[in-house]
Amino acid sequence: MSDALVLLGADPPRLAALDRALGGALAVATGGVSDGVLRIADARGRILGLGRDAVRGVGRRLGDAGGRAERGELLRAAHTVVVVLGWFEALAELDLPFSLDEVRLTRDDQLALVGAGGTGGAGERDAGFAQALAAVDAPLPAPHLPPEAVAGQLLDWYAALSRRFERFVAGLAVRDRLTPAEWDAVQRTLTHDLPATAAAHYDTLYAQLAQQAPEFGFWVAQNEHRATRDGVQRALAGIEALLAASAATARPPVDVAAALALSHRAALSRPVLDAESAPEGIRVPALEEMYLDPDFRVRAVTGQHGPADESWWERTPVREDLTRYLAGALTSSQQTRTPLLVLGQPGAGKSVLTRVLAARLPAAGFLPVRVPLRDVRAEDDLQEQIENAVRAATGERVTWPELVRAAGGAVPVLLLDGFDELLQTTGVHHNDFLVRVARFQEREAEQGRPLLALVTSRTSVADRARYPQGMVALRLEPFRAAQIQRWLAVWNDANAAGFAAQGLRPLSWEVVSRHAALAAQPLLLTMLALYDVAGNGLQRDGGEPLDEADLYEELLFSFARREVGKTSRDTVPDDEMRERAELEMQRLSLVAFALLNRRRQWVSAAELDEDLTALLGRGPAGASGFRTPLGAAEVALGRFFFVQRAQSVRDGQVLATYEFLHATFGEYLAVRLALHVLTDLLRDRPTLALGDARVDDDLAYALLSYAPLSGRQMLRFAKSMTARMPEAERARLGRLLVRVLDQHETRTGDQHPAYRPTVLRVASRHGLYGANLVLVILLLTGGVSAGELFPGSANPVSAWHRHALLWRSALNEEQWTDFALSLSLRRSWGPDGRGTLGIALREGELRPPDPVDANWLYRYPQGHGGPGWSRPYWDEIWHKMEVSGGTNDSLVRHVMDPVFAWLGPSVTTFVASEGQPATSLAHDLLHLLLSDGDGLGDEELESTYRRVLLGMENLSSGRVGHVVRLLRTAVQRDESRLSNQLRGEIYDWMV
């Protein structure tokens, strides 16, 4: 801070330090004042004049700064001057019933007023006063805060300062001569007018600072970018211009720092994907052409949980000024204390952002060091990881302090890419990584080497990290329409000649907009574009556009076939090529099941190898046919760029994990393989005679007994795939799976005991497999009755209930919700008069279930209206709801507790009018009370009251009283609508 004071004009430890260090913001009145008292009245002109001179001179003083770090300290001190000066300017303008000449402030009074500490001994008091005042903890703009938040912090600070000044004046003699009315006016002026006026002065002074130093122009989030919402910035192109002025005074880097800058710059000219990923004749543009600045959200992390949850971001506005924001963050002293955490989905461009930023930062003012965490040893400390990354980029060995010295005063910027890869591959061993980065920043600041840090991670693992206090998180947003259109324009321009040579049409927004969910992620947009160059696959002439399942099949299969073609030296017949591509798809599908069955979005290479061995054994790589052994995970997946491979190095060993760039790829492939394995059961069963031996469904059981297929996206995929099957095949497979479901009830063995993606109870696996079979049966048949689903059961409705309880016990609450919401049940009567239960997949919006007819429940014929009946076990129902212990059951029990306590027997007392559904007394009574009679016609209203009276005849006298009291409330409302006879019967009960 003392260096910053010198830069502001200080000459410590002399008295002149105050005027020059703080530009006279609180100038000492030197004319004969020797008691250390600042007389504001004498200083009024000097405060304003010298303070404004300081603002106008900031630009000159910045030119004397020796480096980015010193410049940052100077900017912070200058801003403090402006904050304090704004309040005193406003104070000088106030219309008060006393003169400021009557207010005398000692140096310590002044420091206490603005929230600073003491000045030390008398010999140091002048320089100490200047230094303490510059170190005041005044609000500092933060790039992640919206303007209204910054203004709010400033108003709060000014309000607190004004209250302290009010208390100070209240203890002076001037207060004693003011009338109560005058003092009230003073209080209102100080507490209400002064903070707002001070903020207005601050805005004016801040604008002047922004003319002197570009940093002040982008420390506060701006709104003018919204006037051009459709504007799209490319490759952070503006950040060099924004930071050029702030970096102009630093000397150029030398030696290894210069070599590192050259390495970063070279990245801009490389294509965004490996050239081998593109078909012949297609050009993948370079990074500086293709990278578009994404939109983003940013906010401070205030707890240990939040950034991984969508709801945590909902109230944070989307911003479109990434270049400006990063310029502000990289010049803010706040960012030298904690890293900036950059989050995004796979394929959102996190790693590319670090490469572009490293290339764009001006080397004269910044020393970017990009550390791909996947390529450094996880057990090394951060400094060793940085040094190894520098060696990998430049070929030179250098220590961290030597590198900083070679940078010539430039501020180091650590770009730590892939924190999520450390977490995925090493478990919880690195969940404190962000805290360790912050500690490293703290140590470097103490050594006079302050640095900035940026860490990237997938959003979904952010909840596994420990966050240092004060950390800010930034989340990259999907592309909006204007960005996709700009991307397409670059792609089409780069390939105009290639398209013309191959007779291809450019890829239009109209076509891509049908697949907006995929196109919103940059890497997946690239994938769509690469698919389209194969005969304009997205733009087929005639017919309907591809639905989602068709698109995924074409997309993934085409890439599988292309990769197979790259490894084939000789011409391969088309049928064999398709067979090899199908094998690749099945390998990918096993990855999908590895994720699904572990209930997470990634799987380690070791886990995947275990799965392959357990299911299929080991065998020669490249063999065809699903039941032949597969190769190692790297062989299966290394060639597909839409499979994200995360890695880290620990103890010299590469630890790798895999995930799909888009979660729906995995969901599609899992459903695809599930239907493939189940359809394969028909292969050896042309007939379904009752005497057939057991169906060999062991592989299906192994794959489908760990997680349900009831996610809405998976069901949509499955519905589309089953719809493409021939009708006769669907019917045959549906009947076969009913039989598989029946034989599964007596399953005792497991032919793949080594396949254990997660630990589950045997009963849970039985329940999950049964639930998945039912879902597929419903997809194939369009709906079945309980009798058709359980043909060997004497009571199919009861069989459904028992199976549903098993499924519910096997699923967690979220899975059970998805499963239950996917089904639709309908109770009816069959031709024989017996109750039947129809089961189908739910279509459309969720609606209230059909009313329950107690006749159906208790196996009376439809329309049975005989005498009312009751069951004595109402209290057992209450108790069983308690014993189940489930959240849902307990919630319903909680709501129904008053009903059971006061109206217990009415729950199991039933009445039916001839030809009408039978209802319980409790149901009818609550219906009358809660409906307010609305929606009930006079006839229905009267019949409901009559059912209540009939039900009361079956209650004991001790319970009738409770019903009567409730009935009286309803009757008072509905009396005018009831017949005289019915009113008389009701009154007889009441008396």
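Tutor: Let us start with a pairing: β4 and strand β8 (residues 472-476) pair in the parallel sense over 4 bridges. This is a predicted model, in which local features need pLDDT of at least 70 and side-chain atom pairs count only at pLDDT 80 or more, while totals for chains, interfaces and linings use all residues. Residues are numbered from 1 along each chain as its sequence is written, and side-chain values use heavy atoms, with hydrogens and water left out.

Student: Why is β4 called largely enclosed?

Tutor: A residue is buried if its relative accessible area is under 20%, exposed if over 50%, and partly exposed in between, with a 1.4 Å probe and protein chains only. In β4, 5 of the 5 residues are buried, so the strand is largely enclosed by the rest of the structure. Leu-340, Val-342 and Gly-344 lie on one side and Leu-341 and Leu-343 on the other, so that both faces are covered. In the protein as a whole, buried residues make up 53% of the 991 residues.

Student: What makes the sheet that holds β4 open and mixed?

Tutor: Its 6 strands run in the order β3-β8-β4-β7-β6-β5, and the pairing is mixed. β3 (296-300) and β5 (366-372) stand at the edges with a single partner strand each, so one side of each is left without a neighbour in the sheet. The twist averages 20° from one strand to the next, where angles run from 0 to 180 degrees between N-to-C directions and axes are lines fitted to C-alpha atoms, for helices over the stretch in contact.

Student: Which helix packs on this sheet and touches β4, β6 and β7?

Tutor: Helix α20 (residues 433-446) does so, contact meaning heavy atoms within 4.5 Å, and its direction makes about 170° with that of β7. Helix α17 (residues 382-394) lies across β5 and β6, running at about 95° to β5.

Student: How do you know that α33 and α34 are roughly antiparallel?

Tutor: Helix α33 (residues 727-744) and helix α34 (residues 762-781) pack at an angle of about 160°, with their axes 9 Å apart. Angles under 35 degrees count as roughly parallel, over 145 as roughly antiparallel, 65 to 115 as roughly perpendicular and the rest as oblique, and α33 and α34 are therefore roughly antiparallel to each other.

Student: How many nonpolar residues does the contact of α33 with α34 have?

Tutor: By class, the contact has 11 nonpolar, 5 polar and 1 charged residues. Ala, Val, Leu, Ile, Met, Phe, Trp, Tyr, Cys and Pro count as nonpolar, Asp, Glu, Lys and Arg as charged, and the others, Gly among them, as polar. Residues that meet there include Leu-733 and Leu-737 in α33 and Tyr-769 and Leu-773 in α34.

Note on methods:
Pairing = 2+ DSSP bridges. Helix = DSSP H or I, 4+ residues; strand = E, 2+ residues; numbered from the N terminus.
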